[in-house]
Amino acid sequence: MEAEATDTDRQKSNHSYRRAWARQMRSERKGNETEMTANYHTHTWRCRHAAGTEREYVEAAIENGLKILGFSDHTPYPYPAEYVSGMRMRTDQLEDYVDTVLALKEEYRKDIEIYLGLEVEYYSEYFPKLLSLVKGYPVEYFLLGQHCIGCEIDGDWAGKATDDPQILRNYCAQTAEAMETGHFTYFAHPDLIRFTGDNGIYEEEMRGLCRKANSLHMPLEINLLGLGEDRPYPDRRFWKIAGEENCQVVLGLDAHDPKAFACPEVVRAAEDMVSRYGLRLQETVELRRPIEPE
Ligand SMILES: [Zn+2]
Ligand SMILES: [Zn+2]
């Protein structure tokens, strides 16, 4: 027990040293670097495909000049017991996730604003059950991240290449319904759908998606993970349409590693897209609480 206490003490003094160092680094910067003010799209190890501790994400965000950090790990989903998802925390991990983020929010409140969120797919059959689960916790926002069409259990991965217009239409209809619920703060990687069919159909459907987002004042996210890794998203076809429709956009790191905060060249590439397509970039977003906690 004694050894544990000593370790904790050492950790604490190490953290306060690192915080002081981060402050020093910030004040030495002259503001000429490309920096993000806020990132609302951050994962944790619980989703089973992210590295590092929550504290490392917070420290990396501070060291790289962020003022706002939102955690939005892949939501647990109350699926039937026989189905186990490989890409999200279990429902019994939600409490620990909430406690961990809230403890960091308090500890680092002088250095950075931390918010508690979740990245959530809209699966109409399970979404009400998810809201009932989340009602027990002070979750401050949901990002819409529609990774599957239909449902994860028997649906298709949204990023799988398809030339079937019906799949594209289903994606657009499902995410339109999601946005209309009013539970979501912004739409992460709206261009995850990888449509390889007729460009005219793509344009018509995605223009509809952009107009729906505008009518609901829903910002669309340029996903910096996809941009940095040269994935099929961000899809330039989509962002051209979003620019023509004067959509509000936000940059999201989709951090699955604390190193994601130290990539100014990716931020610059995203800002180039913003100016090329005439997008309306917002540095921060107004959080919509998905449901009032009980
Ligand atoms: Zn995602
Ligand atoms: Zn994500």
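Biologist: Which are the buried residues of helix α6?

Modeller: This is a predicted model, in which local features need pLDDT of at least 70 and side-chain atom pairs count only at pLDDT 80 or more, whereas totals for chains, interfaces and linings use all residues. Residues are numbered from 1 along each chain as its sequence is written, and chains are lettered from A and ligands numbered from 1 in written order. Helices (DSSP H or I, at least four residues) and strands (E, at least two) are numbered from the N terminus, and a residue is buried if 20 or more other C-beta atoms, placed from the backbone, lie within 10 Å of its own. In α6, the buried residues are M206, L209, C210 and A213.

Biologist: How far apart are the end C-alpha atoms of α6?

Modeller: The expected span is 1.5 Å times one less than the number of residues. For the 17 residues of α6 (199-215) this should be 24 Å, and the end C-alpha atoms agree, being apart by 24 Å.

Biologist: Which residue of β7 stands opposite L143?

Modeller: L143 belongs to strand β4 (residues 141-144), where L143 and Y141 point one way. Strands pair if DSSP finds at least two bridges between them, and β4 and β7 pair in the parallel sense over two bridges. The residue of β7 opposite L143 is Y186.

How values were computed: Buried ≥ 20, exposed ≤ 12 C-beta atoms within 10 Å, placed from the backbone.
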